[in-house]
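The tour goes stop by stop, with something to select at each one.

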Amino acid sequence: MRRSLRFWLSLGLATLVAVAILLVTLVVLGALVPRLNAKVETQSRTLGKAAAAQINDFLASFSSRMSSLCDDIASRPTLEGDRLRLMVDAIAQAEKGIESLYVVDDNDRVVEAGLPIAHRALRNDQIGIDFSGRRFVRAARETRSEAWSGTYLSVRGNIVVALALPLTFPGRTPGAPATHGVLVGELNLNEVSHFARLLSGTDELLTIIVDRRGNVVGHPDAARALHQENLKHLVPLSGPSDAQRIERFTIESIDYLGSITPIPATGWTALVAQPAERAFAIVRSTLVALAVGCAMALVIAVFAALVASQRMMRRIGLFAAHLEAVADGNYRASIPHSGIDEIETLSQHMRRMANAVLEREDRLRRAAKVFSHATEGILIANASGTITEVNDAFTRITGFAREEVVGQTPRMFGPLPGGKRLYARMRRALARGGHWQGEIVSRKKNGETFIALCNVTAVGDAAGTPQNYVALFSDISEMKDYQRRLERIAHFDSLTELPNRVLLADRMRHAMAQSLRRGLSLAVIYLDLDGFKSINDRHGHELGDKLLVAISGAMKNALRDGDTIARIGGDEFVAVLMDLADERDCFPVLDRLLRAASSPFLIDGHTLQVSASIGLTFYPEDNVDAEQLMRHADQAMYQAKQAGRNRHAVFDVAGDVAAASLSRNAEEIRTGLARGEFRLHYQPKVNMATGAVVGAEALIRWQHPERGLLLPGDFLPFVENRPICVDVGEWVINSALKQVEAWSNAGLNLPVSVNIGARQLLQEDFMDRLREALARHQDMPTEHLELEILETSALDDIARTSEVVRACRDLGIRFALDDFGTGYSSLTYLRGLPADVLKIDRSFVGGMLDDANDLAIVTGIIGFARAFNRQVIAEGVETVEHGLKLLSLGCELAQGYGIARPMPAEEIPAWTRRWKPDARWLAHDRGSTTPPSIQG
């Protein structure tokens, strides 16, 4: 195939220039790209270090506040429960993001909980929580240093992370020993995510905080943390965690370049990343600039080649003549073929161009059809904001014809509510991201306003400069009206148009917060109509409803501006009076409410009249939550009814609350007893010198359906000196007898001791009931039952107690004095009280290794046992050293956590088979002491 001289000349010149440009480009790229990449990585590393340092400072600040609280608690010589509660409550309220503060004792039980004011009603639900299963609590206790947890669900149902610090808190009274516990602070993940969002700064920077397990604990989108998303699958997080690294990874189909930086305080990892496209923008722009330079150089080379061969281009003129038809818009005109290679190539390109133009015209026609028939209104404006085109839907929605708006600006619709601020936000969003979406209020041609859901997009040229703005919108006025009607139904009573219970609760929360800020009181009023039911029964519900509407309007007019009254059901209303400088300021309003409710109303020819009973309570004097305030006002209302109606009564915070609380708790215990929710756990008693298991103590537990397994201290105080305590005591005796009989039938002969209260012991029919219980379990040896009574309870009526003890011993039942040494008349009455066993109180055993006074008491009690020929057993043996000390003093029988914790009955047989005492106990030289004699 022949080639022209122009071909070879152009080819030679273009090749030389292209090779030179290529070499220069390669050299520049070889030197520039590595530096640009290094700069990108350095920027990512700097961002990661800065974010990790701020996160570390944030967590260290939280740890410092917790540590300061620990130091403050430990520094006090004594610390009563109320003072401890104030201290933890103050920190819980002051520290933003704290879910709860827990003071955990040496048994891993929560003894105090600090909560923000809004959640302190949950305190009783959190006292007694068992933290023994939390590894971070054990780590803090064993290492005596702070320990962070993974994420878990808090009592209120929120996702939290917790910090545990070892805590030494003093005794409750002077001289009481200090104990070692743990302070646990729960941090709500919302606060960590809020901090991560602040660090992210813009939408183009992503800051994620993950814990040691890969769970997200902080994310600019808080829902990602609350859903416990796990990012362990990311390759960067699977590598070493002790040094900062730069990695590329993909999240939700977006390629990121980020820094993975460890956070020393917690072992967490800060993942600070930005889209790789943005990170490498400088590299990309540099490459684009080089490409543009190469293209320009090639164009120059081609131009030079064309100039050199211009004499050979005469034939192109003929080709140009045939192209005039195409230039005139006849894209279907025939372009002639040429024997010259160059011209033929141009002809082929021109034919393809003509076909492309025809295809583009077809696409434009289809786009115009879509534009005209779209159901959404479309408005197109140029860069200056002038409207250049609208579609038919725009005219249908607004009423403006195309000729009326083209050439105008959106200002033609007139001033609109919030228009200036709305347009300012729209301009910022379009300048930042090229897109804006939101709701706007616009005006139709007839002056009617409507709400539009609008999307505005900036259309730019090749350089990214906005040339046009396209707005798509639809009329959502009907949908917004429907939404408002639904909200009205959800928040207002359909009959009286007064707020309902939902809206009342929201207004009460705001009113309570405002009351605290202003230092003023508010009154919560519970109002019930007297005699309304009889009107309904006599005249019918339709007339009763009309009377309710009339009374509601009258009571609403009786209130002050800013006060609220709501109907919460039937003929019951609740009012909230705000900003009371003196509680007496509300009494004129109460009088107006009573007059409004008791006024006669003429309805459908009937004169109807009722009265009202009002109960009220004051906040913050009655410092409870909104729901409890309503209950208290309700209780006061019933007092007003009982006092004669048509009057008001004020809730007695100091008296009625305590009585109602005790009554409710006692009733709840009675219900739990009826439902079979109580359990017995058994703590073994052993002979430390021989290794023999000599018995077990039955200890009651409550398997509460909501609060879990509760210890006696969580519920027994509510039944002391109340009739229910006798029922609980009899249940314990019957359950223990049944268990001893079951063990005996299975071949395990294990005596069991049962704690019994003074009220039950001193009942007139106690012995009759005991004999009946024993008769139901005749296979059980009676000597396997031992009754324990507190020493202080036995001293209340020593004569009656001695009589009952002797009667029990006649049946073969043994008796023990529990917590011996805590009474005040032990020596006076010990000789006359026929108890078989003295139990040394755990408080003396626990402190005898460090406190000379406790040791003297223990030594004295063992001496008493010898002198009065009683058996002696020590409670609270926690360590081998406690056992060795007791053996050296002559006490061989013991129980305590150092031997075994209380356990369910089914675990006792296996424990007795595998129990072995400490070798140092068995090796103890018993010949050096004289043990007390064993009676029975």
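Helices (H or I, at least four residues) and strands (E, at least two) are DSSP runs, numbered from the N terminus. This is a predicted model, in which local features need pLDDT of at least 70, side-chain atom pairs count only at pLDDT 80 or more, and totals for chains, interfaces and linings use all residues. Residues are numbered from 1 along each chain as its sequence is written, and side-chain values use heavy atoms, with hydrogens and water left out.

**Whole chain**

Start with everything shown. The chain has 31 helices and 33 strands. Of its 936 residues, 44% count as buried (under 20% relative accessible area; exposed is over 50%, partly exposed in between; 1.4 Å probe, protein chains only). Take the contacts (heavy atoms within 4.5 Å) between residues at least 6 apart in sequence: 60% of them join residues at least 24 apart.

Select Leu84, in helix H2 (residues 81-94). Leu84 counts as buried at 1% relative accessibility. Beyond residues up to four places away in sequence, Leu84 touches Ile73, Leu79, Val103 and Glu112. Draw a C-alpha to C-alpha distance from Leu84 to Ile73: 7.6 Å in space, for residues 11 apart in sequence.

Next, Asp108. Which loop holds Asp108? The one between S1 and strand S2 (110-114). Asp108 is not a glycine, yet its phi is positive, about 60°. Most residues other than glycine have a negative phi, and most peptide bonds are trans. Asp108 is buried, with a relative accessible area of 11%.

**Aromatic pairs**

Now show the rings. A search of the whole structure finds 11 aromatic pairs. Rings of Phe, Tyr and Trp (its six-membered ring) pair if their centres lie within 6.5 Å; planes under 30 degrees apart count as stacked, over 60 as edge-to-face and the rest as tilted.

Select Tyr102 and Phe131. Their pair is tilted, at 5.3 Å centre to centre and 55° between the planes. Tyr102 is in strand S1 (residues 98-104) and Phe131 in the loop between helix H3 (123-126) and helix H4 (135-143), so the pair ties together parts 29 residues apart in sequence. Both Tyr102 and Phe131 are buried.

Move to Trp148 and Trp268. Their ring centres are 5.4 Å apart and their planes at 65°, so this pair is edge-to-face. Trp148 sits in strand S3 (residues 147-148) and Trp268 in strand S11 (residues 268-275), so placed that the pair links distant parts of the chain, 120 residues apart. Trp148 and Trp268 are both buried.

Then select Phe678, Trp702, Phe715 and Trp731, which form one aromatic cluster.

**Arg701**

Select Arg701, in strand S25 (residues 693-704). Is Arg701 buried or exposed? Buried, with a relative accessible area of 7%. Leaving aside neighbours within four places in sequence, its contacts include Phe678, Phe715, Glu677 and Pro902.

**Two helix pairs**

Two packed helices are described by the angle between their axes and the distance between the axes. Axes are lines fitted to C-alpha atoms, for helices over the stretch in contact, and angles run from 0 to 180 degrees between N-to-C directions.

Select H16 (residues 532-539) and H17 (residues 541-558). Their axes come within 7 Å and cross at roughly 140°. H16 and H17 are therefore oblique to each other (angles under 35 degrees count as roughly parallel, over 145 as roughly antiparallel, 65 to 115 as roughly perpendicular and the rest as oblique). Among the contact residues are Phe532 and Ile535 of H16, with Leu547 and Leu548 of H17.

Select H23 (residues 766-775) and H25 (residues 798-810). Here the axes come within 11 Å and cross at roughly 20°. That makes H23 roughly parallel to H25. Phe766, Met767 and Leu770 in H23 meet Val804, Ala807 and Cys808 in H25.

**Backbone stops**

Go to the peptide bond from Tyr619 to Pro620: it is cis, with omega near 10°. Pro620 lies in the loop between strand S22 (611-619) and helix H19 (626-642).

Select Asn646, in the loop between H19 and strand S23 (648-650). Asn646 has a positive phi near 50° and is partly exposed, with a relative accessible area of 41%.

Finish at H29 (residues 880-889), whose buried residues are Val880, His882, Gly883, Leu886, Leu887 and Leu889. Their cover includes helix H28 (852-867) and strand S31 (871-874). Just after H29, Gly890 takes a positive phi of about 100°.
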